[in-house]
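User: I'd like to learn how to read pockets and interfaces in a protein model. Could you walk me through one?

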Amino acid sequence: MLIQSAKSGDKRAFATLFQHNYPFLVKYLIKVTLNPDLSEELAQETMARCIEKIHLYQYKSKFSSWLISIATNLYIDQQRRKKREKSWQQEEENFRKLKWQMESRNEEWNDALSALGKIANDVRIPIILRHYYGYSYDEIGEMMKLSPGTIKSRVHNGLLAVRKELRLNDETERLER
Amino acid sequence: MTKQRDLRDNEQIDEGLFEVIKEIELGLESVEKSDLVYTPNIEWFENLVVEEKKNIRKKLIFDVTLFTLVAMLVLSTILFALYSIPVVFFTIQGLVTIFIAVYFTIQHVKQVKET
């Protein structure tokens, strides 16, 4: 009903839809980017894109899934454009900031998040979509415009990389003691 | 989360990776439960919609204007060439026709060779 009204140009319906989905969208983006500032920026861009493309929404998936599909592609495109200027140190700085923000709110930070932050975006995204949000390989493939086979192998290799990072962290901690 | 667990039950996962998935799940759950996200009021979203619609309209006007100008430029050049310098007009038409024929022949030959 809300989507139908938004499609016919009702700004209040659009605003209500966005307000309902905003926390879900931003939290998804924080998990994927590990950067709260960038997540808010991307969420705004996603909503702008959604206003432009709402006529293309065919009710095949949930509206929230359609939103995160737009957000994922915006993030991948943005990272591709920034690839040259971006460095590993910058990425690490991003998740350190998130870690600090969470710890200052007395919220738990675990090493798996640091390990996720160290793997490539195009590997981190399918892991989160698969093992946190529960999307199928086909659905993730559709979102990321890749074949389900590629997604499956990225998820598997990504999990191996996270496991390696976690073991490294454990060893470092043991040596520090 | 529950959907995630159902999926995991239906999928063969390496035992060693099971712990990793659990750790990832815990980490992401802590982000989910955090109060890092502040949701603005409905007016803020309405303003965003109004502003974005204005931008879309501006972009549309710009694109249509640009398209019309380019179309007029191309059309006037063609008409000018046809009426004032017909030799040049027919030479260009001939060259373009030959180029298209050669291009598609080469493409076709390439495809045949590959198969």
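This is a predicted model: local features need pLDDT of at least 70, side-chain atom pairs count only at pLDDT 80 or more; totals for chains, interfaces and linings use all residues.

User: Which elements give two or more residues to the lining of the largest pocket?

Analyst: In chain A they are α3 (36-53), α4 (63-82) and α8 (137-144). Of the contributors, α4(A) gives the most, with 7 residues.

User: And how do the lining residues divide into nonpolar, polar and charged?

Analyst: The lining of the largest pocket has 8 nonpolar, 5 polar and 7 charged residues.

User: Why does the largest pocket lie between domain 1 and domain 2 of chain A?

Analyst: Because both domain 1 (1-94) and domain 2 (110-177) of chain A give residues to its lining.

**The interface**

User: Now the interface, please. How is its size usually expressed?

Analyst: The size of an interface is often given as the accessible area lost when the parts come together. For chain B and chain A, about 4,100 Å² is buried between them, with 68% of it on carbon and sulfur atoms. The contact involves 45 residues from chain A and 41 residues from chain B.

User: How many salt bridges are there between chain B and chain A?

Analyst: The count is 3 salt bridges. One to look at in your viewer joins A:R12 with B:E46, where the closest N and O atoms are 2.6 Å apart.

Conventions: Residues are numbered from 1 along each chain as its sequence is written. Chains are lettered from A and ligands numbered from 1 in the order in which they are written. Side-chain values use heavy atoms; hydrogens and water are left out. Helices (H or I, at least four residues) and strands (E, at least two) are DSSP runs, numbered from the N terminus. Ala, Val, Leu, Ile, Met, Phe, Trp, Tyr, Cys and Pro count as nonpolar, Asp, Glu, Lys and Arg as charged, and the others, Gly among them, as polar. Domain bounds come from an automatic or database domain assignment. Contact means heavy atoms within 4.5 Å. Buried area is the accessible area (1.4 Å probe) that two parts lose on being put together, summed over both. A salt bridge is a side-chain nitrogen of Lys or Arg within 4 Å of a carboxyl oxygen of Asp or Glu.
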